[in-house]
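Hi there,

Here is the structure I promised to pass on. My notes on it follow below; have a look when you get a moment.

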2 protein chains.
Amino acid sequence: MSQDSAETLRGESQWLKTAGDGTSYPIDDVEAFELRPDGSLFQNPSTIQPSYKEGSTIDWFWEEGTEREHKRALHSLRGIRKLLAPILESSWTWIVIILVGVGIGVVGAWLDILVKWLGDLREGRCTHGFLYNQVACCSGLDPGDICTEWATWSEYYNVKSILGQSILQLTFYIVLAIAFAGSAAVLVTHYAPYAFHTGIPEIKAILSGFVFDRFLGAWTLLIKALGLALAVASGLSLGKEGPLVHVACCMAYLLSRLLRLKQSEAQKRKLLAAAASAGVSVAFGSPLGGVLFGLEELDTFSFSNESDVMWRGFVASVIAAMALQYVDPFGTAKLVLFQVSGVSATWKAFELIPWMFLAILGGVFGSLLIKLNAAVAVYRHRSFLRDYPIAEVIGFTAITAAVSYLVVFLRVQSSELVANLFQECDPARGDYHGLCNPTAVWENIFLLILTALVKIIFTSWTFGMMIPAGIFLPTIAIGACLGRAVGLLTEGLQRTYPKALIFNSCPPDATVRCISPGFYAVIGASAMLGGVTRMTISLVVILFELTGALSHVLPIMISVMVSKWIGDAFGKDGIYAVWIALRQYPWLPPSDFRDNGQSASQIIKSVDNLVVIQDEREFTLQELDQFVTSSTFHGYPVVRGEQLLGYVAGDKITAYIAPLLADDRISQTPRRCTFSKEAAASNSDLINLSVLLDEAVLQLRKEIPLEVVVQMFQKMNLRHILFSHGGKLTGLVTKTDIVWLLTAHLPHTAALSNEER
Amino acid sequence: MSQDSAETLRGESQWLKTAGDGTSYPIDDVEAFELRPDGSLFQNPSTIQPSYKEGSTIDWFWEEGTEREHKRALHSLRGIRKLLAPILESSWTWIVIILVGVGIGVVGAWLDILVKWLGDLREGRCTHGFLYNQVACCSGLDPGDICTEWATWSEYYNVKSILGQSILQLTFYIVLAIAFAGSAAVLVTHYAPYAFHTGIPEIKAILSGFVFDRFLGAWTLLIKALGLALAVASGLSLGKEGPLVHVACCMAYLLSRLLRLKQSEAQKRKLLAAAASAGVSVAFGSPLGGVLFGLEELDTFSFSNESDVMWRGFVASVIAAMALQYVDPFGTAKLVLFQVSGVSATWKAFELIPWMFLAILGGVFGSLLIKLNAAVAVYRHRSFLRDYPIAEVIGFTAITAAVSYLVVFLRVQSSELVANLFQECDPARGDYHGLCNPTAVWENIFLLILTALVKIIFTSWTFGMMIPAGIFLPTIAIGACLGRAVGLLTEGLQRTYPKALIFNSCPPDATVRCISPGFYAVIGASAMLGGVTRMTISLVVILFELTGALSHVLPIMISVMVSKWIGDAFGKDGIYAVWIALRQYPWLPPSDFRDNGQSASQIIKSVDNLVVIQDEREFTLQELDQFVTSSTFHGYPVVRGEQLLGYVAGDKITAYIAPLLADDRISQTPRRCTFSKEAAASNSDLINLSVLLDEAVLQLRKEIPLEVVVQMFQKMNLRHILFSHGGKLTGLVTKTDIVWLLTAHLPHTAALSNEER
């Protein structure tokens, strides 16, 4: 636990409170001690592993120091070991990366197959085998043949009356939805509470240094994967994308433990970043998007060695995509999930008007979705619903299923809906639930808008219930409905007024297609995603890897751009940042912070409120040991007189002085110690503890602008900064202070942070 | 000029030496002074603009401080101005960005048209108008018609004998090449020496803080654009991509001066980064690749507000691509330059073997190209060629043209060659110089390999001559030749042994196409680019925006990955980093630096070697002014007794004390001054200069690991760090020291740095 914790407690955050316990560490590695030339017993400080408690923040400076020591140790090996040890170590890491890539690719593919089967089960079953899904059941037919092997439930049970058919189908539809979602909720609530929700806010926090190992456990992995399949198949308004990232990170964590990969917390995070890229790569079939997601959304810019991190993410993404393509869950051998087809190669200038409109809609509805979702989360947390998570899931699933059954575009799986909305009408391909009926344009527009609005409400509620749930796919679906509606409207206008001035770039013959409503659906999806996630580059890449609409990258970029602009006007944070704030994870937004002329002195804890080691007292070893073990902090500034000597970690002291204390007990002469080199040199009776002082201590002045302090925390991944003036300690600022400074303005900040988890 | 300069001079660098001049600044803004409540005259330190000299390095810390002050000033305005001023200011910036986007799009398009015309002129002319290029001349014909309007020179002058025809054509081909390249060289040498080469190394250095405004001047813009068209049309082995980035940056710089955009050096760099993205966007028709190029290669990660920078790059890229598409130089309304066509949708596992081979070739030949190019540059610099740049260009153009005329694939423009190598053979499209002749497979393989090898030699020499020259297109051409050769070889093998075990995923009928040699050319180009530039993500994006081969992104990623691995084994730096080292620009490689246990004390300039202001002497204003104006440094640490008070910039002192000195002269009483608040408080006769001390001063200890110091320079964009212990100044480290630390190991470091420019 670090000084960051209890001292700076400002909210009611559970995370920060539990972080306040004291800890002590056993010395289990006798070899870590060595006799130095001057006869003193010396423990190499780098062999003392700080065991971070759950909920604390890792010390990147310290971690990098450890890595440095470790590299040096490898370097100082002799002979063949000097050559082999680094290769062995790095190949071990690469093996984990490759295994994670393959693993998440295969898991992702099998989840797709499982979801397809479970989802189809709600409609009917295959007569020649229960375990076939509709596509597998009907495969091998010539085009034009009617599939007789697949039977809806009413066909299967041979119900003749239309009323009976409807009731049977509806019953299966709703009951199975409840069964799927309910079992997912039971699994999550009882066995792995961390498996709920998307997981991306937590991954973001973990990557930035938050210690939250339980979030990556084996049960979480298993139940998140299984629960995800059940939740998606239940027809709730949720997607599999975010949870797959979480699953990939769990796999990386468990594999590295299984293979006994010795790694520091910093290296662990670099591995997790690569795994997260692989997760996105599989979720969207978008290897490049995965790497960029890692860079942009997970902010792996700030890692000490970003090109290395990017490189690993790149490899993991490629391998995961290859594994997915090899398993080939859709039987198409393609990575592109929602192929855009039949779109005319060029676009007309007047189309920018409806696209702008869609971008604005995306920004507005995206912000609305974020705000609704946060409001629902806070309401759920404060109301009776908090105590009945399973009942909430079952109840809401029943409502979703019942409402969805009424509207055809809501009834089908979101992914199927999106795939069809993205495609142009083509007589050869057949109609899709009347979408291509040219006489029913107004009905379709109405239905699409209705679907979008209902889905906004459903998604706001679903994203945060006790089941695994991603936000990407529902957002795409909402956007695609809106986009297709606007596209149909534009097309209708153009066909009605083919001679209007604005349409004069279209061929005058109204029967020739000029406008591609399918591409409008892509634009709508881009705009909506821009509004909800506020991502830019990685979103565009994901979108065109997803749709294959490379030639139309410009309109996609423009719509993402405009919707982000509009959305930012309603609040700068995307949905993940809002959830991080809701749960008050110690995560620093990478955003620009502007002080209004304040300096660091506005936020530092002054020296009077700090627990420091007063070195001039020349503690006995006994006293020092008691002081450290009884105190709750992770480390202490050491001062002598008024001079700041440095910063020392509590666990280093404990480990270093333990054998000396044992000697003392035998010789019955309590020795005194000092952290000052000068004092130790002038008085040889004093034990010199100056080797324990943190070598990488950073000092600033109080007068430094607040903005610079924030920037240093953001860029250097620090945990604390000491402030001094003329060699005197004047105060301390911790990461927690900065997180609070940057997130306090958000509505609902910390609203969920004392939730039971 | 900063302390970084003369003190730390280690090489013979011209850049660092010229950086050592002293400077003084006139006070031309009387309003910057205000009367403070205590009656003293006060100049707001933020109004003192440091005018960086060419060749120095900007102080990002200082720059950000200025931006802070400026934002605060805007914030403290009253009434309607408070509302309007920030909007007006940011819209001014956006106007520049949009204008740059439009400008570079239009310029890029017109350059394409000009190059096409000049290039065609070497073959013949249009009979019904001198200013038509071949495509424009022959447009309007029905397919199958023979174009009679376009005449080769021998047709035009009605030469009948075959020998006469050959001689006439060859003469025009060589003479016009020499005329084009020679005039480009004359223009560059006499009017804009900075317009030579690619410009990307310089842009990288400028973006990281190097002050080099002459590099962005109006003449450079004009001559780089014109010279580029001439150089490309001359048929030398060079491309237009890098120089277009330079042209875009010149445009941004000149536009911001033309529109009197008030911006700090830091803001200027953010604008330049956006312009560079737009340049790449236009060069490759790759808006997304442009943004990523900015992030990866130009390292705009490290800017204080990277999301803002990325966003501007995004907008500039999109607008530039739109402008390009609007002008539509190729008459195709497409952004994709080298459309891959006819490639089979899926690839077979065995194809990984030839692709791996290509990736290894790319890594090896890429490294070879870098090393050859550096060796040629050093040779040119040290030999007699240095004094005859124009003669060198003319001579080498003659050799290039003569050799190229002999080999058909060398004779055509590189871009035409690449476009054809990327396409599958298709009887409907016709043959391309015999490339699709199935009976001439071995001849074609030989010719392609010959072309690649000759191009490697030509490119190594050309890239560095006194003409604008990019490295991307020649590299793509080399890789495409190698790739097509390997593809033809694989296809030949498969057709000869269709029943071999390895080919059993191909249809057994050897007449059905199984292997797409055109796609092998893409793989070869990717591998070669990976080997030469060592870019990863941005390269992949550029490549598939360039080729449209989205479905084949995985093999492209793999080849870039492997060729980078192989290339890194021969040396970690890409060609741009090598050129930066050759010219010793003050640029910090973003690469990871590992010390071997050294601490900062190994590289700091100790306090005995520093020029410091000894405050306890309590200088008269006169003395201080003399000290500052006679000294050559940009700033000074201020100490009193042994205590470090802070750091002060020389120009701030000069500007602040000038009016006080004037008073002194009138009153004839020389006053004394101090930088210590305490001293000023205890002795009211002393003038308090403590407001001038740099507020954002960062202090470290000597014992801090070297690695951490390097990281701080890389991440925080610092110019210097002060080292202190117990409040006493112990030394100083500057950016120059760190650059030297990171680049000294490179071969040829600083080999060109004392070149006349």
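Helices (H or I, at least four residues) and strands (E, at least two) are DSSP runs, numbered from the N terminus. This is a predicted model, in which local features need pLDDT of at least 70 and side-chain atom pairs count only at pLDDT 80 or more, while totals for chains, interfaces and linings use all residues. Residues are numbered from 1 along each chain as its sequence is written, chains are lettered from A and ligands numbered from 1 in the order in which they are written, and side-chain values use heavy atoms, leaving out hydrogens and water.

Two backbone spots in chain A first. Most residues other than glycine have a negative phi. A:His197, in the loop between helix H6 (162-191) and helix H7 (200-207) of chain A, has a positive phi of about 65°. A:His197 is buried, at 0% relative accessible area (buried means under 20%, exposed over 50%, partly exposed in between, with a 1.4 Å probe and protein chains only). A:Gln584 also has a positive phi, near 50°; this residue sits in the loop between helix H22 (575-583) and strand S5 (605-606) of chain A and is buried too, with a relative accessible area of 7%.

Now for a helix pair in chain B. Helix H9 (residues 241-258) and helix H10 (residues 265-284) of chain B pack at about 140°, with axes 7 Å apart (axes are lines fitted to C-alpha atoms, for helices over the stretch in contact, and angles run from 0 to 180 degrees between N-to-C directions).

Happy browsing!
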